[in-house]
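Here is a short report on how one protein chain is put together. Please keep the sequence and the model open while reading.

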Amino acid sequence: MGKKNKRTKAEAPPQPEIKPDEKKKKSKKPKHDTSPAVIPTVTVAIAGSIIHNAQSIELATRLAGQIARAVTIFRVDEVVVFDNNGETGPPEDTNSDENESGAAFLIRILRYLETPQYLRKALFPKHNSLRFVGLLPPLDAPHHLRKHEWGVYREGATLKERSPDGVGTLADVGLSKNVVVDQVLDPGTRVTVAMGDSWNLDADISRQIVSSSKPREEAGMYWGYKVRYASNITSVMTECPYEGGYDHLIGTSEHGQIISSSDLTIPTFRHLLIAFGGLAGLEESIEEDHNLKEKNVREVFDIYLNTCPHQGSRTIRTEEAILISLQYFQEPINRAVQRS
């Protein structure tokens, strides 16, 4: 038998054949997700019936002021005031000497306080429910800029006057002079204005109107809270303005589960809802909601918590419970956001 030819050192070993389809697969680079990241939001839902516990309009105003301060301190993005099956309805945007109660009253005060002081006269008609708002401490939120302060963004209200070239609108942004914004809008419209780098108000510069979420998304600034009316607990959830709705629901009650704040794990979320009941708690609100009559309160929420166990008083008022609970949730929320 003849000897087999030995492969020389210079001869390369045969390479496996790569099919064209396989070449394409190997050359593909992983696609990067270019969609904008969703910034987690926190919503607080409050029963409008808590106003019925106040013995006068002045005390009701102070109660609403406490809630406004609490949600601002803890950077809440949205406040939903819900009724028991629409008993009072949302506030009317008209001049009125009639007294409001419940959800309508609470919503009006919360919206008024969230609005920068220099815009309130233009955006809020005279109303009997606003008689005692001057007694309340200011929220002093980041978007409540003073006249001498310059901010990258400012809240403004459009005026009747148009810009000299007719392609924009004049807006009051709380400075010594009005500014021109880049859209033609009806007077009395609240807008968020990107002020840019120029401090020169005499220059004919058109400022851009941006989404009210822009300061938070671009600069990480807390920019106040939105207020929404809901006719019942069901509407709180089904009328959520965020895409995809609330993805984690927390109910609070003295009958809830007791977990220490350090042991509580909130899953990563996009839009978190924390609900507070009225004078008789969330249980009554759910019983009176005809959409939820057959449901237990623990079926409505992902978790039902007692955030202030071993209380010394027989009762904790809702405005107190909100402040206590938002402090209780602060670290669990921060841990959830860091994981996302």
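This is a predicted model: local features need pLDDT of at least 70, side-chain atom pairs count only at pLDDT 80 or more; totals for chains, interfaces and linings use all residues.

Residues are numbered from 1 along each chain as its sequence is written, and side-chain values use heavy atoms, with hydrogens and water left out.

**The open sheet**

Helices (H or I, at least four residues) and strands (E, at least two) are DSSP runs, numbered from the N terminus. Two strands pair if DSSP finds at least two bridges between them. Six strands form an open sheet with parallel pairing, in the order S8-S2-S1-S10-S9-S11. S8 (226-230) and S11 are the edge strands; each has a single partner, so one side of each has no neighbour in the sheet. On average, neighbouring strands of this sheet are turned by 25 degrees against each other, direction ignored. Within the sheet, four bridges link S9 (residues 248-257) to S10 (residues 271-276) in the parallel sense. Leucine 249 has leucine 273 in S10 as its bridge partner.

**Helices on the sheet**

Axes are lines fitted to C-alpha atoms, for helices over the stretch in contact, and angles run from 0 to 180 degrees between N-to-C directions. Contact means heavy atoms within 4.5 Å. H3 lies across S1, S2 and S8, at about 170 degrees to S8. H9 lies across S1, S9, S10 and S11, at about 150 degrees to S10.

**H2 and its partner H9**

How do H2 and H9 meet? The axes of H2 (residues 57-73) and H9 (residues 318-339) come within 9 Å and cross at roughly 10 degrees. The two helices are therefore roughly parallel, a term for angles under 35 degrees. From H2, Leu63, Gln66, Ile67, Ala70 and Val71 meet Glu319, Ile322, Leu323 and Leu326 of H9. By class, this contact has seven nonpolar, one polar and one charged residues. Here Ala, Val, Leu, Ile, Met, Phe, Trp, Tyr, Cys and Pro count as nonpolar, Asp, Glu, Lys and Arg as charged, and the others, Gly among them, as polar.

Several residues of H2 are buried, including Ile57, Ala60, Leu63, Ile67 and Val71. Buried means under 20% relative accessible area, exposed over 50%, and partly exposed in between (1.4 Å probe, protein chains only). The buried residues of H2 pack against S1 (41-47), S2 (78-82), H3 (102-114) and H9.

| Hairpin | Pairing | Residues between strands | Turn glycine |
|---|---|---|---|
| S3 and S4 | antiparallel, three bridges | six residues | glycine 166, positive phi of about 80 degrees |

Arginine 162 stands opposite threonine 169 in S4. Alanine 171 has valine 179 in S5 as its bridge partner.

Most residues other than glycine have a negative phi. Aspartate 140 has a positive phi near 55 degrees. Aspartate 140 sits in the loop between H4 (120-123) and S3, and is partly exposed at 47% relative accessibility. Histidine 310 has a positive phi near 60 degrees. Histidine 310 is in the loop between S11 (303-305) and H9, and is exposed at 76% relative accessible area. Arginine 75, which follows H2, has a positive phi near 60 degrees.

Definitions and conventions
Angles under 35 degrees count as roughly parallel, over 145 as roughly antiparallel, 65 to 115 as roughly perpendicular and the rest as oblique.
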